[in-house]
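Let's take a walk through this model, one residue at a time. Have the viewer open and follow along.

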Amino acid sequence: MFGPAAALLAFLADRIIKTVALSENGRGAFVFKATLNSGAIFGLPIPVPAIMAVSALVMAGVLVFALRERSPFGDAGAALVLLGGLSNLIDRIRFGAVVDIFSVGLATFNISDMMVVLGALLILRSQKRRSTP
């Protein structure tokens, strides 16, 4: 139960930080620079219809996995992927692009992107644990 609760906290942090970054553009105690990313995760230049289709398929697959394969790592991973994807979907609906707040080299990303990647790794970990005797 801890994993999904932690995923919910990460989702809320992502939404709050994006709101602060957009409204104040980094003024105050924390400095976040908001950029709108019309591409895919980490700023990859992929057309929006393809992003939406792949995102929907991935989220549906994760939901099916979460309902069938119950494990602490799997539950946490599924919650992270679903909530991270939901946060980025909210951005695409509201702004026509995802709000990214971090930039490292050529990659731009946000907490939601990190949630999706970490969630996928946890799901893989849960499968590895199930397959070892």
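Which residues does Asn110 touch, not counting those up to four places away in sequence? Keep in mind that this is a predicted model. The list runs to Asp14, Lys18, Asn88, Val98, Val99, Asp100, Ile101 and Phe102.

So where does Asn110 sit? Look in the loop between strand E4 (107-109) and helix H4 (111-131). Its relative accessible area is 0%, so Asn110 is buried, given that anything under 20% gets that label. The side chain of Asn110 also has a polar contact: it reaches the backbone nitrogen of Ser112 at 2.9 Å.

A pair of aromatic rings is described by the distance of the centres and the angle of the planes. The model has one aromatic pair. Its members are Phe102 and Phe109, with ring centres 5.5 Å apart and planes at 40°. Because stacked needs planes under 30 degrees apart and edge-to-face needs over 60, this pair counts as tilted. As for accessibility, Phe109 is buried, with a relative accessible area of 14%, while Phe102 comes out at 28% and is partly exposed.

Last stop: helix H4, where you'll find Val117. At 35% relative accessibility, Val117 is partly exposed. Which residue lies 36 places from Val117 along the chain, with its C-alpha atom 7.5 Å away? That's Val81.

Terms used: Residues numbered from 1 in each chain as written. Predicted model: local features only at pLDDT ≥ 70, side-chain atom pairs only at ≥ 80, totals over all residues. Heavy atoms only, no water. Phe/Tyr/Trp six-rings, centres within 6.5 Å; stacked < 30°, edge-to-face > 60°. Buried < 20%, exposed > 50% of the residue type's maximum accessible area, 1.4 Å probe, protein only. Helix = DSSP H or I, 4+ residues; strand = E, 2+ residues; numbered from the N terminus. Polar contact = N/O pair within 3.5 Å; in protein donor to acceptor, adjacent residues only side chain to side chain. Contact = heavy atoms within 4.5 Å.
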